[in-house]
Amino acid sequence: MIRRFVVLGATRDLASRHLLPALARLHEAGKLPAELRIVGAVLEDWDTATLRAHMTERLARHAAGTEPASRHAVASRLEYQRADASDPADMARVLDDVACWRRAGTAAAAAAPPPPPVVGLRCP
């Protein structure tokens with residue numbers, strides 16, 4: 001069973017519009033493990049309380065059809081980790097954490113949005 005779910009770019013559009021609302025719907029359906037922790041790896045220089053407050057607002061907007069208790073359950077499971085997805089050292093640190101959790105018997109999974117488009121790319 002997955003106990004840690006790492007979301008790279010947790011404050012970005014894909015996570016706040018689709019991924020976290022889907023987790024709220026899973027909670028509402030009774031299918032989200034009680035021990036699941038969601039690690040939000042984000043570029044912003046925040047803390048866990050700031051990440052939770054931001055995602056609470058995003059869940060209210062993008063998961064309005066779910067019960068407030070389910071939105072709160074997802075937001076309260078968020079843990080902040082600063083990481084720049086374009087920095088190899090940051091990504092190595094995040095993935096090392098995932099590997100450590102797996103070795104310790106705490107299964108983990110990671111999700112990431114697609115990379116941003118390359119500015120200035122010319123297509124034929």
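Tutor: Leaving aside neighbours within four places in sequence, Asp-90 is in contact with Arg-82, Ala-83 and Asp-84. Contact here means heavy atoms within 4.5 Å. A word on the source: this is a predicted model, so local features need pLDDT of at least 70, side-chain atom pairs count only at pLDDT 80 or more, and totals for chains, interfaces and linings use all residues. Residues are numbered from 1 along each chain as its sequence is written, and side-chain values use heavy atoms, with hydrogens and water left out.

Stay with Asp-90. It lies in helix H4, residues 88-103. Helices (H or I, at least four residues) and strands (E, at least two) are DSSP runs, numbered from the N terminus. Asp-90 counts as buried because its relative accessible area is 13%. The cut-offs are these: buried is under 20% relative accessible area, exposed is over 50%, and partly exposed is in between, with a 1.4 Å probe and protein chains only. Asp-90 also sits 9.6 Å from Ala-41, C-alpha to C-alpha, although the two are 49 residues apart in sequence.

Now its charge partner. Asp-90 forms a salt bridge with Arg-93, and the closest N and O atoms are 3.4 Å apart. A salt bridge is a side-chain nitrogen of Lys or Arg within 4 Å of a carboxyl oxygen of Asp or Glu. Asp-90 and Arg-93 are three residues apart in H4, so about one helical turn separates them. Arg-93 is partly exposed, because its relative accessible area is 34%.

The count by this rule comes to eight salt bridges. Arg-4, Arg-37 and Glu-79 are linked in a network of them. Asp-13 has two partners to look at. One is Arg-17, with the closest N and O atoms 2.7 Å apart. Both residues lie in helix H1, four residues apart, about one turn of the helix. Arg-17 is partly exposed at 42% relative accessible area, and Asp-13 is partly exposed at 42% too. The other partner is Arg-58, where the closest N and O atoms are 3.8 Å apart. Asp-13 lies in H1 and Arg-58 in helix H2, so this pair ties together parts that are 45 residues apart in sequence. Arg-58 is buried, at 14% relative accessibility.

H2 has 15 residues, 48-62, and at 1.5 Å a residue it should span 21 Å; its end C-alpha atoms are 20 Å apart, which agrees. The expected span is 1.5 Å times one less than the number of residues.

Which residues of H2 are buried? They are Leu-51, Met-55, Arg-58, Leu-59 and His-62. They cover an arc of only 100° around the axis, which puts them on the same side of H2. The arc is that of the directions from the helix axis to the C-beta atoms. These buried residues pack against helix H1 (13-28), strand E2 (37-42), helix H3 (68-76) and strand E3 (78-82).

Next, the core. A nonpolar core is a set of buried Ala, Val, Leu, Ile, Met, Phe, Trp, Tyr and Cys residues joined through side-chain atoms within 4.5 Å. The largest has 19 residues, of which Val-7, Leu-20, Leu-23, Ile-38, Leu-51, Leu-59 and Val-74 touch the most other members. Strand E1 (2-8), H1, E2, H2, H3 and E3 each give two or more residues to this core. The largest share, four residues, comes from H1. Apart from this core lies another, of nine residues, among them Val-6, Leu-8, Val-94 and Val-98. As for Leu-51, its contacts beyond four places in sequence are Thr-11, Gly-40, Val-42, Trp-46, Leu-78, Glu-79 and Tyr-80.

Last, the whole chain. The protein chain has four helices and four strands. From the N terminus on, they run β-α-β-α-α-β-α-β. Buried residues make up 36% of its 124 residues. Of the contacts with a separation of 6 or more, 75% join residues 24 or more positions apart.
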